[in-house]
Amino acid sequence: MGPWFDYTVNGLVVGNIYALLAVGLALIFGVANLINFAHGSVFTVGAYLGWTALHYLHTPLPVTILLVAAGSAVVGVAIERFALRPLNHRSRIAPLLATIGVSLVLDQAVQLIFSPDPRALPSQLPDWRLPIGGVTIGALDLLIAGVGLTSAALLFGFLRFSKLGWAVRATAQDPDAASQMGVDTNRINAVVFAIASALGGVGGLLVGMFYNSIDTTMSFDATLKGMVAMLLGGLGNVPGAIAGGLILGLAESYGIALFGTSYRNLFAFALLILILMVAPNGLFSRRRELPPEPMTGTFVAPSRPLRLPRPALAAIVVVAALFPLVWNQPYVLQTLTNALLMALLAFSLTLVSGTVGQISLGHAGLLAIGGYASGLLALDHGWPFVASVPAAGLSTAILGTLMVLPALRMTGHYVAIATLGVGEIVSLVILNWTGLTRGPMGLSGIPIPAIGPIELDTPRALYWVVLVLVVLLGLLQVRLLSSHLGRTWRAIREDEVAARAYGVEPLRYKAMAFAFGGFGAGIAGAIAAHLYSYINHETFNTQLSILAITVVILGGLGNVLGAVLGAVLLVALPEIFRAAAEYRMLIYGIALLLLIRYRPQGLLGTI
Amino acid sequence: MMASLLEITGLTRHFEGITAVDGIDLAVQEGELVSVIGPNGAGKSTLFNVISGLDRPDAGGVRLDGVDITGRSPEKLARLGLARTFQHGRVFANLSVLDNVLVGTHARLAAVRPGWRGFGPLGELLLAVVRPGAVRREEAALRSEAEAILARFGDRLVPRLDHPAYSLSYANRRRVELARALALRPRLLMLDEPTAGMNETETTEMEEVIAALKATGLTILLIEHKLDMVMRLSDRVLAMDDGHSIAEGAPATVRDHPAVVEAYLGHPANQRTAVA
């Protein structure tokens, strides 16, 4: 009985934090119809603001909480004003991608200012514990519960009884009607971002105090947990979000009690996928189907793609092939090889997200499947490189497509969230399925690529191998795009309803795109594994998925040549100019924001 | 009596609190052109959505050529020869005019969609890459057929085959939509306000195209607000208001039916309020 009570208290405390996050996400979704991927970054900013206040100003706790709330609110207003408002009336996936850019920028800014090392955030509260029948509740537990309940009550009062609260609810129901009735919807958006960010920031402070440690990797987790909690309650449903937060907190706490800590996130994501499949409108909604979301999956600006004549393309390939003969510098060649591997991943993503319009935020998971497949076949079964790599491609095509199939039934935002979840699940399964994957140890000693007896141990040889694959898979993809599949895929992207009315089965064609893309990505992951000789569950992480999205948008959605160009520009150039890694993520974030704002069609145009 | 091509019985669709389509019965014979008229919000487009499988009815049934198709998915209905256009126009904005029309032929692709049990999609991918003669011939035939359909609209679309649909005028987009529907070689063509937003010349041209299609024996179900055109084109008319059928029969009879007049002009009492 004793320990279970502790797990319950712990679950409720953590659940309160999730509820704080989820309420903010739900408010923002309600008025702006947007899933704010920067929410977790505001949470981190809040934690660091709190640390700064405590460390330098020695503020008492109530003042610290107010300072954190105010500071985070300012950050929220700035996000709304500068990153999102300019994107009003763009397709709904554009602001979603912009918030991803904002989160990269905020996370890296915090990391540059405070260094990536974790810091202690002492709780300042008296160290007493309240004994209740053999177990105890600490002061901090009560504070967190108190903050949660108070903010829920304040928010309820605000929405229900204040004039501004009415305007918020009116805007959530129908922004156009609200603005015709004289509601300044821009101001409402700003207010909502301020409230949501204040709650999120305070959540960050409380979590920091709870674990007595803060670091910059908190953001991503916070965004995801908040999102799962919000989805449990139903998109945009504020009371539902509170319930969702508590349910998620309890589920996690009991799950950890039963299975151990490394399963914590696996529960959250399994719950995410389950809720998306079974009750996409949340646990408390009675609506019987998804609201219609026309054209949300697409982020395609009208544009004419730049088409290079064949001789020019051939010339580029020849130059790329001869390049190592002229400039045989291992470092440069390795960098370019990495860029070309990214191009292989980007081919896959540009097909799925560009041509078919299904934004995938977990694409690096495909690399992980490919890498582990080839690595394990080579290490445990002695398969040669030339056999294990295609086998890895095939396994990735099959596994990746099967895993993502439930997500492909959904539209718009749901696809993005579900693919993000699937990507995380891949990594967590690798971490926990020790019997197959060696768990946290990772795979080491993956053999060097070799064709028959010839070991490809020079940077030059490896570069050529990858270049050949890029050219082959690129040509194959272009050929597919020029067939009936090209127009069918693009028709699904443009208007799934109209495409269905003409006999196109969306699931079949999305799955075909995913299978073909998965094959290429699996090969890329396999080659990367042999190249690095060591991989673990974090080698192919969400950051890589986000980088791939940026590459694809930079090159032009659906544009095969653009994918190569984007990969070279974003992967090779910063490396060659030796930009430090932390600045690199900052550059990616800013690049993503600028592209969405000023050149959504990318450098070479969408196809 | 000859069986109807389309037979709707007691079709009903509720949305939260309102009944958008309420017990509609309708039979359309082969080769007939039947128009559905009624004020905005009468439930005409919902009726179309339910027939074409984009929405499911809460009660009632739809039969196409004697086969019960109630609640079947739109992609299956497309294969049975049911083609429709949309009220607000839903062309594929970033696809070229020709590609838009070619998507209309999708339900008829055969050579490139092998019936390998369970491996059909894989076969389709392979055939799209390898493109044996049969696949190439099929694609070429569909392409020239699409071009022929586009030629129906004179020089409105033919010079713009490669233009993306977003660059077209509104009227041209509606034409592309109709061309796409024809590319399905429909047995039943459902047109949802094909002349909405068109000026008089464009409307006349569209009416001529529809009349020519009717002359070829094509069965057409038409939603249209322009009553003159409805009177000239239709064999029969169904008038709806508030989800109900309020009159059905020969065009002139329906036009002069008191319930129809009232639905369009409102109750005398309402009129007085409106003037005041």
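Guide: Let's begin at A346(A). Leaving out neighbours within four places in sequence, A346(A) is in contact with A548(A), V551(A), V552(A), G555(A), A563(A), G566(A) and A567(A). Here, contact means that the C-beta atoms of two residues, placed from the backbone, lie within 7 Å.

A few words on how to read this: the model is predicted, so local features need pLDDT of at least 70 and side-chain atom pairs count only at pLDDT 80 or more, while totals for chains, interfaces and linings use all residues. Residues are numbered from 1 along each chain as its sequence is written, and chains are lettered from A and ligands numbered from 1 in the order in which they are written.

Now step back from A346(A). The largest nonpolar core has 280 residues, and those with the most contacts inside it include A346(A) and A567(A). A nonpolar core is a set of buried Ala, Val, Leu, Ile, Met, Phe, Trp, Tyr and Cys residues joined through C-beta atoms within 7 Å. Buried means that 20 or more other C-beta atoms lie within 10 Å of a residue's own; 12 or fewer makes it exposed, anything in between partly exposed, and the C-beta atoms are placed from the backbone. Helix α1 (residues 2–32) of chain A gives the most to this core, with 17 residues. Helices (H or I, at least four residues) and strands (E, at least two) are DSSP runs, numbered from the N terminus.

For a contrast, look at L164(A), which lies in helix α6 (residues 163–173) of chain A. L164(A) counts as partly exposed because it has 13 C-beta neighbours inside 10 Å. V191(A) is 27 residues away from L164(A) in sequence, yet their C-alpha atoms are 8.9 Å apart in space.

Next comes the layout of the chain. Chain A is divided into domain 1 (2–125 + 137–278) and domain 2 (310–598), with bounds that come from an automatic or database domain assignment. The C-alpha centres of these two domains of chain A lie 32 Å apart. Their contact takes 29 residues from domain 1 of chain A and 27 residues from domain 2 of chain A. On the domain 1 side, α4 (93–114), α9 (218–233) and α11 (264–278) of chain A each give two or more residues, and the largest share, 13 residues, comes from α4(A). That side divides into 23 nonpolar, five polar and one charged. Nonpolar covers Ala, Val, Leu, Ile, Met, Phe, Trp, Tyr, Cys and Pro, charged covers Asp, Glu, Lys and Arg, and the others, Gly among them, are polar.

Chain A also meets chain B: 28 residues of chain A are in contact with 31 residues of chain B. The elements giving two or more residues to chain A's side are α18 (459–481), α19 (484–494), α20 (496–501) and α21 (506–532) of chain A. Of these, α19(A) gives the most, with seven residues. The side of chain A that touches chain B divides into 15 nonpolar, five polar and eight charged.

Strands pair if DSSP finds at least two bridges between them. Four of the five residues of β3(B) are buried, so β3(B) is largely enclosed by the rest of the structure. β3(B) runs parallel to β8(B), joined by four bridges, and L33(B) has I220(B) as its bridge partner in β8(B). β3(B) also pairs with β9(B) in the parallel sense over four bridges; there, V36(B) has L238(B) as its bridge partner in β9(B). L238(B) in turn has E248(B) as its bridge partner in β10(B), and β9(B) and β10(B) run antiparallel, joined by five bridges.
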